[in-house]
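Hi,

Here is the model I promised to pass on.

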Amino acid sequence: MKILFKVMILVVLTMVLLAGCAGIAKDSGVNQKSKDSEVSLNLAEEKETPQLTKIEYIEKLNDYSKEMEQEFNLLERFL
Amino acid sequence: MPEKVDKAWIDLNIKHIDRIKSVTSKYALLNAPEEMDQIHAAYIESANMFSTSLTSMADALTSGDNAALQNSYTDLLRAQDYWNYAYALLQSVADVPLNGGDGTITSDDLKSLDKKAGIDRDSVLNNISKDGRELAGEWGKRKADGSIDVIVVFREDGAYEGYGSNEYPNKDDAMIGTWSYDYITRSLNIVNDTVYSSGVEVDVVRPSMTMEIQSFNGSEIQMMDVDSLNTFKYEKNN
């Protein structure tokens, strides 16, 4: 079962790498870092934020995929 | 799961699973641009599936239920399919650098390479509905006389027929079954119910086949058998 779990983690890591491809748009030129590194987000507060531009949105996707990748790497370390 | 499960080991992994779930929860909070509504919905759906499967995984780790762990793994794979679908949608509208590289290779670069192999994944997204109705019809290879040698038939009612070269419509050497389209994986799933050889029903060697559709424009299709990796290019018989 440990092997199964390891396989699962590898699969998910692959997924996260793919998701990571959702990087910053090529023509971005912007280097905005995610302000959501803290988990404790407030839904209502977030909904009040202005609508993201296409570039900002893609940047967010990239940030989140990197966060997931980081956590999956840590998860793998203990298996 | 290790034979001798340590509570600290479980707690550590659950802690990381919870952190991953906390990231997946952020997707629903994004105020995406209207032009990316469809993409955002796909990401949220995937994130929700990840969250659900990870919750099941954490529960399975806690209880030591191996069967539940297996189920959560299956769910996780499906969540990955949804994630890949969302990413495919994103790539269809934006040129994004590929992760793990030096940032110089982008999705458009890969698309250029794909096109040399006849692959156009955007055409699959753009030209095939979720129910795959555009796939219905007779498909085959064009012969020297300009006619089409029908190889596969996808009926609108879901019936499938497969023929050897120059056999259609003779069913003496044919495969009969059903087909369906999975828009998430952009794959054709074929189930072979009955196989005939020289007019005699024989054992079904491959009960099911999955064809990844690599390009589609309504009159031409390219698909790859995901098991054999053989590629098939057919034209529609009008």
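B:Trp83 is buried in this predicted model, with a relative accessible area of 0%. B:Phe50 also counts as buried, at 0% relative accessibility. The two rings pair up: their centres sit 5.3 Å apart and the planes are at 90°, so this one is edge-to-face. B:Phe50 belongs to helix H2 (residues 37–63) of chain B and B:Trp83 to helix H3 (residues 66–93) of chain B, so the contact ties together parts that are 33 residues apart in sequence.

Ring pairs join B:Phe50 and B:Trp83 with B:Tyr27, B:Tyr43 and A:Tyr64 into a cluster. Over all chains, the count comes to 11 aromatic pairs.

If you look up the UniProt record, an unreviewed entry, it puts "domain: DUF7018" at residues 14–87 of chain B. In the model, that stretch of chain B is 81% helix and 0% strand, and its end C-alpha atoms are 27 Å apart.

Now for a pair between strands. Here the rings are those of B:Trp139 and B:Phe216, 5.9 Å centre to centre with 55° between the planes, which makes the pair tilted. B:Trp139 is in strand E1 (residues 137–142) of chain B and B:Phe216 is in strand E7 (residues 208–216) of chain B, so this pair ties together parts that are 77 residues apart in sequence. B:Trp139 counts as buried at 0% relative accessibility, and B:Phe216 counts as buried at 2%.

A few backbone details are worth a look if you plan to check the torsions:

- There is a cis peptide bond between B:Tyr168 and B:Pro169, with omega at about 5°. B:Pro169 is in the loop between strand E3 (159–163) and strand E4 (174–182) of chain B.
- B:Asn166 is in the loop between E3 and E4 of chain B. Its phi is near 60°, a positive value in a residue other than glycine. With a relative accessibility of 55%, B:Asn166 counts as exposed, because the cut-off for exposed is over 50%.
- B:Leu229 is not a glycine either, yet its phi is positive, at about 65°. You'll find B:Leu229 in the loop between strand E8 (220–225) and strand E9 (231–236) of chain B. B:Leu229 counts as exposed too, at 54% relative accessibility.

That's what I have for now.

Cheers

Methods: Residues are numbered from 1 along each chain as its sequence is written. Chains are lettered from A and ligands numbered from 1 in the order in which they are written. This is a predicted model: local features need pLDDT of at least 70, side-chain atom pairs count only at pLDDT 80 or more; totals for chains, interfaces and linings use all residues. Side-chain values use heavy atoms; hydrogens and water are left out. UniProt positions are given in the numbering used here, feature names are shortened, and annotations may be inferred rather than shown by experiment. Helices (H or I, at least four residues) and strands (E, at least two) are DSSP runs, numbered from the N terminus. Buried means under 20% relative accessible area, exposed over 50%, partly exposed in between (1.4 Å probe, protein chains only). Rings of Phe, Tyr and Trp (its six-membered ring) pair if their centres lie within 6.5 Å; planes under 30 degrees apart count as stacked, over 60 as edge-to-face and the rest as tilted.
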